[in-house]
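Please look over the sequence and the fold before reading on.

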Amino acid sequence: MSWTANREKAVNSAGGGYRVYYSTQSIIAIPGASYVNVPNVPGANTPTSALITQLATGIYYIQVLAYSTLNPTGAVSQQISITVP
């Protein structure tokens, strides 16, 4: 899974990054939902891809959330769906 980088400096600084939330439910309840954390890498821009492993067959809904020390709860992107064969 990959996405377009958030240009906010705080997302690409220490304490920033992305959370890739995924669920089989079309409405992802962010508190308590499964996610992959993609933290900032010192000396570089924060990565804009993640590998979600061990998913069962089915439809999954995914949202990428950019966060920083200024906004630790972050802001959610548009939701997409994928089918795992």
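Predicted model: local features only at pLDDT ≥ 70, side-chain atom pairs only at ≥ 80, totals over all residues.

Residues are numbered from 1 along each chain as its sequence is written, and side-chain values use heavy atoms, with hydrogens and water left out.

The protein has 0 helices and 5 strands; helices (H or I, at least four residues) and strands (E, at least two) are DSSP runs, numbered from the N terminus. Along the sequence the pattern reads β-β-β-β-β. The radius of gyration is 13 Å, close to the 12 Å that the globule rule gives for 85 residues, so the protein is as compact as a globular protein of that length. That radius is taken over C-alpha atoms, and the rule is 2.2 Å times the number of residues to the power 0.38. Along the principal axes, the C-alpha atoms fill a box of roughly 35 × 20 × 20 Å.

Of the 85 residues, 34% count as buried, where buried means under 20% relative accessible area, exposed over 50%, and partly exposed in between (1.4 Å probe, protein chains only). Among contacts (heavy atoms within 4.5 Å) between residues at least 6 apart in sequence, 58% join residues at least 24 apart.

Which strands pair with E1? Two strands pair if DSSP finds at least two bridges between them. E1 runs antiparallel to E2 (residues 34-39), with 6 bridges joining them, and Gly17 stands opposite Pro39 in E2. E1 also runs antiparallel to E3 (residues 58-67), through 7 bridges; there the bridge partner of Tyr21 is Gln63.

The loop between E2 and E3 holds Thr46. Is Thr46 buried or exposed? Thr46 is buried, with a relative accessible area of 4%. Leaving aside residues up to four places away in sequence, Thr46 touches Val11, Asn12, Gly17, Tyr18, Val38, Pro39 and Asn40. The side chains of Thr46 and Asn40 are joined by a polar contact of 3.1 Å. A polar contact is a pair of N or O atoms within 3.5 Å; within protein, one must be able to donate a hydrogen and the other to accept it, and residues adjacent in sequence count only if both atoms are side-chain atoms.
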